[in-house]
Amino acid sequence: MALAQQLRAESDFEQLPDDVPISANIADIEEKRGFTSHFVFVIEVKTKGGTKYLIYRRYRQFYALQTKLEERFGPENKTNPLTCSLPTLPAKVYVGVKQEIAEARIPALNAYMKSLLSLPIWVLMDEDVRIFFYQSPYDSEQVPQALRRLRPRTRKVKSVTPQGPGFDRLEAPRAEALFDFTGNSKLELSFKTGDVIFLLSRINKDWLEGTLRGATGIFPLSFVKIIKDFSEEDDPTNWLRCYYYEETISTIKDIAVEEDLSSTPLFKDLLELMRREFQKEDIALNYRDAEGDLVRLLSDEDVGLMVRQAKGLPAQKRLFPWKLHVTQKGDYSVYNTVP
């Protein structure tokens with residue numbers, strides 16, 4: 001009899017809490033944009049009690065979990081009597097297109113999770129396993145962008161709607177439909193051109209949640225015109241201000257970045273982000289020092305110095321305190337070289 005069947009027939013398994021995960025499958029992959037682009041796996045988890053929910057995990061989180069489990073339960077651990085044969089995780093890939101790598105990993109990661117959740121009960125109850133498959137507040141707030149492999153049946157929405165007492169239609173965030181939009185599931189809100197939709201939340205940079213004629217759902221931002229936006233407190237987007245110099249032209253651009261304002265990026269991630277945004281490979285990154293001169297960034301240490309020096313500057317909401325100045329790599333005329 002297979003190990004999974006043996007475990008599910010044992011009385012001690014029946015005594016486990018209902019929130020223990022018993023199966024997990026990847027429903028989709030999604031691209032996330034921080035200082036660098038990366039892909040996360042959208043995973044549908046089913047618990048012993050029958051509950052289903054979605055979690056979002058990067059490959060490096062799989063790798064970190066496997067490393068901890070090998071240290072704790074692997075055959076090399078001579079002090080723990082509760083060792084077992086752990087499943088094999090697909091290896092790291094250092095070269096290739098990120099989306100293609102993520103897509104190729106799906107079958108192997110599904111097999112990995114199936115084997116992992118069939119291991120002895122002490123592994124299922126391991127703290128790191130429980131945390132990995134737990135739906136965090138961040139997970140519960142996400143809305144799947146596509147879900148090519150499944151669609152969620154329901155989604156938590158705000159209980160307060162614009163029909164409540166004391167609702168001020170003129171003060172409420174709202175948008176006007178520019179085009180007809182037909183949702184392909186109950187998750188999405190359908191509307192006609194000219195409809196006024198009252199906004200409930202900003203899901204991400206591309207999707208909003210709103211209500212119209214008693215129906216609530218999500219819809220793409222590109223289909224509407226914002227009449228009254230959310231207050232700054234409700235806007236989760238942070239912005240990185242960049243100054244781009246090319247010959248005699250200087251351009252200011254604010255780039256949306258899904259990172260905390262206090263975070264310090266790696267130099268290579270900043271360079272990749274700027275190359276992607278300005279569609280130029282041969283560029284250099286700089287910042288202005290206290291004297292107003294441009295200083296070229298060449299390493300993580302330089303980036304750290306830039307971030308530390310910016311901490312004393314006046315802060316603006318949703319805007320990183322440090323600014324990037326993007327110049328052409330061979331142009332040294334932007335620097336103050338006079339002694």
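**Note on helix α3 and the cores**

1. Helices here are DSSP runs of H or I with at least four residues, strands are E runs of at least two, and both are numbered from the N terminus.

2. This is a predicted model: local features need pLDDT of at least 70, side-chain atom pairs count only at pLDDT 80 or more, and totals for chains, interfaces and linings use all residues. Residues are numbered from 1 along each chain as its sequence is written, and side-chain values use heavy atoms, without hydrogens and water.

3. The buried residues of α3 are Tyr-59, Phe-62, Leu-65, Gln-66, Leu-69 and Phe-73. They lie on the same side of α3 because they cover an arc of only 120° around the axis (taken from the directions from the helix axis to the C-beta atoms). Their cover includes β2, β3, α4, α5 and α6.

4. Phe-62 deserves a look. Beyond neighbours within four places in sequence, Phe-62 is in contact (heavy atoms within 4.5 Å) with Phe-41, Ile-43, Arg-57, Leu-89, Leu-109, Tyr-112, Met-113 and Phe-132.

5. The largest nonpolar core has 33 residues. Such a core is a set of buried Ala, Val, Leu, Ile, Met, Phe, Trp, Tyr and Cys residues joined through side-chain atoms within 4.5 Å. Phe-62 and Leu-69 are among the members that touch the most others. α4 (98-116) is one of the elements giving two or more residues; its share, 6 residues, is the largest.

6. A second, separate core has 24 residues, including Leu-270 and Trp-322.

Key. Buried means under 20% relative accessible area, exposed over 50%, partly exposed in between (1.4 Å probe, protein chains only).
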